[in-house]
Amino acid sequence: MTRDLPPEEDQDERPPEQPSGRVRTTSPGALVAFGLVGLVLGWLVRRVSFWLNQPAPSVGLVPILALLLVALILGAVAWITYRDLHRRDRRLEPQHAVNRLVLAKSCALAGAMVAGGYFGYALSWWHGSEGVATERMVQSLVAGAAGVLIVAGSLFLERACRVRREDDPDLR
């Protein structure tokens, strides 16, 4: 059996369009939206646990330390990327640059949601008078602050991935 191939003259002779090669930084609106969704979900956690007749979850030290470790790793990767690209005039492999940019964008959004979630959970304990309420509120606030550090490290990594080009006046 032979396969019919389309004649060459029928094929489109235009070269394929090249992508512009630009990725925009994470917008403040997206960060606020993810943070607000996390805030509402975090605030609902205590309400849902009471509705299900379950004790409200506590925030332990391990999740806080894990969030701080992620923030530290993001900050270190951002610093190394910035130093290599802007101070040593070294080039990054395109795939590595894209990987770092995707990591930064996803961690920024996830960090905003995590921070909002912990701040919402702390807010749900606001009017509690017992010692447990104060303890859970403080632990949630610390975890929320660690989420904010993740967002800050991610945005720094996004900024570090920017490469200065002579023909681009937008990059400063």
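Visitor: Leaving aside neighbours within four places in sequence, which residues is I150 in contact with?
Guide: In this predicted model, I150 is in contact with L67, V70, A71, L74, C107 and G111. They are called contacts because heavy atoms lie within 4.5 Å.

Visitor: What makes I150 stand out in the largest nonpolar core?
Guide: That core has 19 residues, and I150 is one of the three that touch the most other members, along with W125 and L157. Helices α2, α3 and α4 each supply at least two residues of this core. The most come from α4, which gives six.

Visitor: Why are some residues of α3 called buried, and which are they?
Guide: The word applies because their relative accessible area is under 20%. In α3 the buried residues include A104, C107, A108, G111 and A112. Further along, G120, Y121, A122 and S124 are among them.

Visitor: What do the buried residues of α3 pack against?
Guide: They pack against α1 (28-51), α2 (61-87) and α4 (131-160).

Visitor: How many helices and strands does the protein chain have?
Guide: There are four helices and zero strands, and from the N terminus the order is α-α-α-α.

Visitor: How much of the protein chain is buried?
Guide: Buried residues make up 28% of its 172 residues. The chain exposes about 12,300 Å², with carbon and sulfur atoms supplying 62% of that area.

Technical notes. Residues are numbered from 1 along each chain as its sequence is written. This is a predicted model: local features need pLDDT of at least 70, side-chain atom pairs count only at pLDDT 80 or more; totals for chains, interfaces and linings use all residues. Side-chain values use heavy atoms; hydrogens and water are left out. Buried means under 20% relative accessible area, exposed over 50%, partly exposed in between (1.4 Å probe, protein chains only). Accessible areas come from the Shrake-Rupley method with a 1.4 Å probe; for residues, only the protein chains shown count as cover. A nonpolar core is a set of buried Ala, Val, Leu, Ile, Met, Phe, Trp, Tyr and Cys residues joined through side-chain atoms within 4.5 Å.
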